[in-house]
Amino acid sequence: MNNNTSKTIGIFNRSDLILIIVIIVSSILFITLSPNPSHSHQAKVTIGKEESFLIDLSIDQIKHYDTPHGEITLEVINGQIRMQKSSCPDQLCVRQGFLQEHEASIVCIPNETVIEWVSSPQYDGVSR
Amino acid sequence: MKNSILTKLSMLLALSLILAYLETLLPPFWPVPGMKLGLANIIVLYTLVEMGKKEALMITMLRLLSISLLLGTLLTPSFMIGFFGALFSWVGMSWARNRSLSILGISILGAATHNTGQLLAAYLLIGSTSLFNFLPFLWLASIPFGSVTGLIVLLLQKRKLPLHS
Amino acid sequence: MQTVEDHAFMMDTFVTIHIPTRNKSQAAAAMKETFHAMQTLSTQLDRYETSSVSLVSQINQSSGEESVSLPETVINIFHTAQMISEASDGAFDLSIGVVVDLWRKSELTGILPSSSAMSSALSLVDYKKIYMQDNQVFLEDKNMSLDLGAIAKGAIADLAKETLQSQGIERAILDAGGNIVAIGSKTDQEPWSIGIANPNQPTEIMGYVEVTDLSVVTAGIYQRAYEINGERYHHILSTENGYPTSSLKSVTILHPSSLMADALSTAVMVLGPDNGLSLIESYPGTEAIIISADDALILSKGAEAYFTLLQKDLFHEQ
């Protein structure tokens, strides 16, 4: 393949550049076409493939859950949700902090947990 | 298998393990989970271009197995995701090897397919489509990260390291 | 379309009014008037308010002695309550006050009511001894005591709806501590969507109802619960034995009137699934969503048209 590096632009050859452009264009298309996370008073928490439930963000709370491979602690304060503690080694989910409005989700791969905004249906009230 | 090849493969495997370990010492890139430099891919890519597809697959699988045995993560979600990523990456790079892409191009494609495989595995595990929102960012990151690892392989080739006995 | 939202604290809970409107100043004025009316009625119905503004306190203090005359808005609440007491054969009863007091004391002291105290308290629970004539109310026994806790929020929510509508508000959501009143529809095309709490984890939503011009009221064992000797007790009391009810975890009622929904939700909690459901079916236009003690989901005949279950893995339909 080194024969093909004759037509090079910088350190990349033409095929490389085409690949790079394809990646950039499809990424931008993906980003612009995917719907903005609409944020509401609820967040959906998925643990493993089976368990998923909604959490009311209008109530400050701290909740512990057992996951298939460990445990997590969610914290809700002032309408925001974050992973407060997680038994996972990398702690990426904890470091992400509160789920921001432009972010789609908080993911903890080792604990198979996803926290995401609920887009629909949004509730106009909760009877409790 | 010839002894010389076996020795070479063992050496490469050891190197890839060291690099994978080094990678865990680097601060993780935030906020996209799973985004990392992919240092261990340097060895897989080197093996692929210098030796062949079969050897690269061997290095990939043995590395995954050794690491997970060392860290005790065999068959955990992290292992499954790493496995899918590595397999996708190997398929992507093996395909690209005989095309007109340079080593940098192969490396970028390897990084992008790696990320795609990882996300697919994560989706199969968790089943939340919101995971795919990370995909374009991982694709974009594969350009600089893939270039860096590709460049290192290029330098390795030119240096004719003692590895090249 | 903009929305105007405001909160007020009354009846130990937050009341929120949410009005989608183009006319912000009209909505704000209507809201102010509504909160004022709600505040007044809530004091009138509060038995713990000892001053003369509390009509319920006056009735309790005059028990066995003299009758108290009530304004029309309040006497209507009593008529509705008495109707539900009769229909539920006393499962719902405004004269539960003495038993409520007994449990309040237990909550503070951490000692369960003695059986003698309980039976003497229960002897004072009898809606048939609440006499009403014209605008007068009279309690026959000297120590009888009314507690409108089971219907106060509903009554006040209905008043709020009336006040808002009289001020020209056509669409609004009122949330009186979990008693929801939907006025009109959300838009011309879509109804209001109201989540219903999971009684096991009340901060989670187990499902939702889509409603137009209806009140959604839930009674549940998780509301105002407390512990004595490590056991959990809640505030919905059986008129039979005076103890917290146990056959159901939560009852959600859909009805045009929040007062009716409030009274019926308590009645069904006390009656249990079978008698409760037949009570609901005897009122056309009323629907119930019931979670039993073993997490079975029980729906009244027409409830399916409104309700969508989200936590399918947690509650099984019957």
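Biologist: Chain B meets chain A here. How many residue pairs are in polar contact between them?

Modeller: Start with the caveat that this is a predicted model. A polar contact is a pair of N or O atoms within 3.5 Å. Between chain B and chain A the count is 5 residue pairs, both partners at pLDDT 80 or more.

Biologist: And how many salt bridges cross the interface of chain B and chain A?

Modeller: The rule finds 0 salt bridges there.

Biologist: How much area do chain B and chain A bury between them?

Modeller: Buried area is what two parts lose in accessible area on being put together, summed over both. For chain B and chain A that is about 3200 Å². Carbon and sulfur atoms carry 72% of it.

Biologist: Now chain A by itself. What is its secondary structure?

Modeller: Count the elements, then read their order. Chain A has 2 helices and 10 strands. From the N terminus, the run is β-β-α-β-β-β-β-β-α-β-β-β.

Biologist: Where do the domains of chain A fall?

Modeller: The assignment gives domain 1 as 2-33 and domain 2 as 42-117. Their C-alpha centres lie 37 Å apart.

Biologist: What share of chain A is buried?

Modeller: Buried means under 20% relative accessible area. In chain A, 45% of the 128 residues qualify. The accessible surface of chain A comes to about 6500 Å², with 55% belonging to carbon and sulfur atoms.

Biologist: What share of the contacts in chain A joins residues at least 24 apart?

Modeller: Take the contacts between residues at least 6 apart in sequence. Of those in chain A, 35% join residues at least 24 apart.

Biologist: On to chain C. Which domains does it hold?

Modeller: Chain C divides into domain 1 (55-139) and domain 2 (185-317). The contact draws 24 residues from domain 1 of chain C and 23 residues from domain 2 of chain C. Their centres, taken over C-alpha atoms, are 24 Å apart.

Biologist: How much area do these two domains of chain C bury between them?

Modeller: About 1900 Å², with 74% on carbon and sulfur atoms. Ile84(C), Ala91(C) and Trp103(C) supply 30% of the area that domain 1 of chain C buries against domain 2 of chain C, more than any other three residues.

Biologist: How many salt bridges and polar contacts link the two domains of chain C?

Modeller: There are 0 salt bridges between domain 1 and domain 2 of chain C. The polar count is 2 residue pairs, both partners at pLDDT 80 or more. On the side of domain 1 of chain C that touches domain 2, the elements giving two or more residues are helix H3 (72-87), helix H4 (97-109) and helix H5 (115-122) of chain C. H4(C) has the largest share of that side, 6 residues.

Biologist: Last, a single residue. Is Ile173(C) buried or exposed?

Modeller: Compare its relative accessibility with the cut-off. Ile173(C) counts as buried because its relative accessibility is 3%, and buried means under 20%. Ile173(C) sits in strand S6 (residues 172-176) of chain C.

Biologist: Which residues does Ile173(C) touch?

Modeller: Leave out residues up to four places away in sequence.

Key:
Residues numbered from 1 in each chain as written. Chains lettered and ligands numbered in written order. Predicted model: local features only at pLDDT ≥ 70, side-chain atom pairs only at ≥ 80, totals over all residues. Heavy atoms only, no water. Domains from an automatic or database assignment. Helix = DSSP H or I, 4+ residues; strand = E, 2+ residues; numbered from the N terminus. Buried < 20%, exposed > 50% of the residue type's maximum accessible area, 1.4 Å probe, protein only. Contact = heavy atoms within 4.5 Å. Areas by Shrake-Rupley, 256 points an atom, 1.4 Å probe, with all protein chains shown as cover. Buried area = accessible area lost by both parts, 1.4 Å probe. Salt bridge = Lys/Arg side-chain N within 4 Å of Asp/Glu carboxyl O. Polar contact = N/O pair within 3.5 Å; in protein donor to acceptor, adjacent residues only side chain to side chain.
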